[in-house]
Amino acid sequence: MPELPEVETFVRSLKFGGMTGEPILNRHIHYADLFWPRTLAFSDADENFLAWFPGKTVEDVARRGKYVILSIPPKFLIIHLRMSGDLRVESKNSRINKKHDRFLIEFYDGYRLVFNDPRKFGRIWLVNHPEDVFQRLGIEPLSSSFTAAWMRENARKKKKVIKTLLLDQTFIAGIGNIYSDEALFQAGIHPNRKADDLSDAEIDQLTHAIQNVLQAGIALNGASIDWVYRGGNFQHHFQVYHRSGEPCFRCGTPIERTVIGQRSAHFCPKCQH
DNA sequence: CCTGAAACCTGTCTGC
DNA sequence: TGCAGACAGGTTTCAG
């Protein structure tokens with residue numbers, strides 16, 4: 001489900017309150033519980049994992065790529081929501097045993113953080129050093145080091161199809177299927193172009209388009225589609241994603257859908273060359 | 001290095 | 001109404 005803007009929305013909500021409910025900063029942990037053991041991304045005995053939590057405190061929440069990072073000194077709980085993961089904060093009095101709940105942390109004050117994930121693709125890590133999990137992750141697209149110059153330098157070395165490169169988390173961390181389609185449309189680049197074929201001007205446009213769509217996504221709390229993810233509004237601003245057959249807002253040509261690297265790609269055949 | 005296929009999963013929607 | 005098939009905001013692993 002979530003890409004960078006959706007994950008960022010989760011992080012802000014966990015810190016300051018919002019979509020997920022009450023903030024969780026500085027709450028003291030009573031206990032943790034795990035309902036689907038394979039949610040753990042590492043091979044630690046479940047007992048050891050769960051036994052670590054009581055008495056700890058959530059001191060910060062942050063994001064790296066599509067990962068949520070809970071700072072629970074002296075360790076870090078890292079969560080990847082993959083396709084269908086969801087986080088919510090609810091009070092003790094809420095109905096427990098909600099379908100597809102996989103993990104939860106209950107606080108002494110009666111609130112609890114719940115990780116719900118119908119498709120069971122989501123994963124969590126408990127580590128001393130977050131870098132261990134992020135070792136292969138690429139650049140943060142909203143950081144100051146992500147510039148057109150960086151893209152010219154690095155994208156040129158890649159022979160991949162540009163749509164696939166944008167989805168490659170070891171290259172840029174955080175872009176998913178929605179925002180790659182939207183960025184390529186905004187830059188006027190066909191998703192099947194080779195990265196090393198792009199002109200300087202096209203690379204510059206693409207860089208700015210990436211920053212632009214991600215920021216727009218964050219400003220609207222991400223995109224909500226179908227039954228997954230809630231609270232977002234960016235879906236009302238899609239130019240191409242989920243719009244196959246509908247007229248391009250720029251030129252009227254029907255938006256097309258194709259498959260690139262096993263993912264659907266939506267584009268305007270006239271505006272994107 | 002790059003591509004494609006398959007695997008991991010459950011839910012929803014479409015068409016017959 | 002039922003049922004098969006396609007499809008879904010992601011990532012990893014393996015074959016070629």
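The crossing of helices α4 and α7 is right-handed, a crossing being right-handed if the near helix is turned clockwise from the far one by less than a right angle, and left-handed if anticlockwise. In this predicted model, local features need pLDDT of at least 70 and side-chain atom pairs count only at pLDDT 80 or more, whereas totals for chains, interfaces and linings use all residues. Residues are numbered from 1 along each chain as its sequence is written, chains are lettered from A in the order in which they are written, and side-chain values use heavy atoms, without hydrogens and water.

The axes of α4 (residues 148–155) and α7 (residues 200–219) come within 9 Å and cross at roughly 120°. That angle makes α4 oblique to α7; angles under 35 degrees count as roughly parallel, over 145 as roughly antiparallel, 65 to 115 as roughly perpendicular and the rest as oblique. Axes are lines fitted to C-alpha atoms, for helices over the stretch in contact, with angles from 0 to 180 degrees between N-to-C directions. Helices (H or I, at least four residues) and strands (E, at least two) are DSSP runs numbered from the N terminus. On the α4 side, Ala148, Met151, Arg152 and Ala155 meet Asp200, Ile203, Asp204, Leu206, Thr207 and Ile210 of α7, contact meaning heavy atoms within 4.5 Å. The residues of this contact comprise six nonpolar, one polar and three charged (Ala, Val, Leu, Ile, Met, Phe, Trp, Tyr, Cys and Pro count as nonpolar, Asp, Glu, Lys and Arg as charged, and the others, Gly among them, as polar).

Helix α1 (residues 4–16) also packs with α7, at an angle of about 40° and with the axes 8 Å apart. This crossing is right-handed. Leu4, Pro5, Glu8 and Arg12 of α1 make the contact with Leu214, Gly217 and Ile218 of α7.

Around DNA strand B there are 15 residues, of which Arg38, His100, Arg119, Lys159 and Gln262 come nearest; a residue is near the strand if one of its heavy atoms lies within 4 Å of it. A side-chain N or O atom of His100 is 2.5 Å from a phosphate oxygen of DNA strand B, and one of Arg119 is 2.7 Å from a base oxygen.

Pro73 and Pro74 are joined by a cis peptide bond, with omega about 5°. Pro74 lies in the loop between β3 (67–72) and β4 (75–80).

How values were computed. A polar contact is a pair of N or O atoms within 3.5 Å; within protein, one must be able to donate a hydrogen and the other to accept it, and residues adjacent in sequence count only if both atoms are side-chain atoms.
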